[in-house]
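Subject: Structure for you to look at

Hello,

Here is the structure I promised to pass on. Please open it beside this email and follow along.

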Amino acid sequence: MNDPIGDMLTRIRNAQMRGKGTVSTPASKLRARVLDVLADEGYIRGYETSSDRMGHPTLEIELKYYEGVPVIREVKRVSKPGRRVYLGVGDLPSVRQGLGVSIVSTSQGVMSDANARSANVGGEVLCTVF
C-alpha cells in the first residue's frame, strides 16, 4: 500500500456512506495521530487498538452521526505520495471559512491547522475535513 492515510480516509468515507458504526484499519503511529486530531475536533467518537485474526494490530474507529447524518461531510487527501504539499504557518488554508479543519504534520507532531497557527509552525498538509 502506497498511501496508508489515504486508505484510512477512504475506509472512513465508505463506512459512513453505508451507515456503519465502526470501521477497522491497520494500525500505525501516524494513523493514530490523525485519529487523535479527528477525535479532538469532534469528527469521530474515538478509536481503540485491537488485533485482527492474524494477530496484526488494527485501529477500530467509532464513527459519529448527528440525527442519522455523518458528521464528516467531506474528507480530502491533500498531500499525496506523488505530490507532497508543505506550507508555512502563514500559508495554512482555512477550510470552509473555519468550519472545517486541515490536519498538518509538523515538527512538533500531527495537529490541526488552528493548533499549528498557535504554535507558529508549518508542515505537510495531510488532509482537510469538513
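Which residue in S10 does Ser105 stand opposite? Ser105 stands opposite Glu124. More on that pair of strands below.

Some ground rules come before the rest. This is a predicted model, so local features need pLDDT of at least 70, side-chain atom pairs count only at pLDDT 80 or more, and totals for chains, interfaces and linings use all residues. Residues are numbered from 1 along each chain as its sequence is written, and side-chain values use heavy atoms, with hydrogens and water left out.

Helices (H or I, at least four residues) and strands (E, at least two) are DSSP runs, numbered from the N terminus. Two strands pair if DSSP finds at least two bridges between them.

**The three-stranded sheet**

Start with the open sheet. It has 3 strands in the order S1-S3-S2, and the pairing is antiparallel. Strand S1 (22-26) and strand S2 (44-51) are the edge strands, and each pairs on one side only. From one strand to the next, the twist averages 25°. Angles run from 0 to 180 degrees between N-to-C directions, and axes are lines fitted to C-alpha atoms, for helices over the stretch in contact.

S1 and strand S3 (residues 57-63) run antiparallel and are joined by 5 bridges. Find Val23: its bridge partner in S3 is Ile61.

**The two helices**

Helix H1 (residues 4-17) packs on the sheet and touches S1 and S3. Its direction makes about 160° with that of S1. Helix H2 (residues 29-40) lies across S1, S2 and S3. H2 runs at about 155° to S2.

How do H1 and H2 pack? Their angle is about 45°, with the axes 10 Å apart. H1 and H2 are therefore oblique to each other. The cut-offs: under 35 degrees is roughly parallel, over 145 roughly antiparallel, 65 to 115 roughly perpendicular, and the rest oblique.

Contact means heavy atoms within 4.5 Å. On the H1 side, Pro4, Ile5, Asp7, Met8 and Ile12 take part. They meet Leu30, Arg31, Val34, Leu35 and Leu38 in H2. These residues divide into 8 nonpolar, no polar and 2 charged. Here Ala, Val, Leu, Ile, Met, Phe, Trp, Tyr, Cys and Pro count as nonpolar, Asp, Glu, Lys and Arg as charged, and the others, Gly among them, as polar.

Now back to Ser105. Strand S8 (residues 101-106) is mostly covered, with 5 of its 6 residues buried. Buried means under 20% relative accessible area, exposed over 50%, and partly exposed in between (1.4 Å probe, protein chains only).

S8 pairs with strand S10 (residues 123-129) in the antiparallel sense, over 6 bridges. S8 also pairs with strand S9 (residues 109-112), antiparallel again, over 4 bridges. There, Ile103 stands opposite Ser112. S8 and S9 form a hairpin with 2 residues between them.

**Two loop residues**

Is Ser79 buried or exposed? Ser79 counts as buried because its relative accessibility is 0%. Look for Ser79 in the loop between strand S6 (75-77) and strand S7 (86-87). Leaving out residues up to four places away in sequence, Ser79 touches Arg84, Val85, Glu124, Val125 and Leu126.

Arg96 lies in the loop between S7 and S8. Arg96 has 38% relative accessibility, so Arg96 counts as partly exposed. Beyond its neighbours within four places in sequence, Arg96 is in contact with Glu74 and Phe130.

Best wishes
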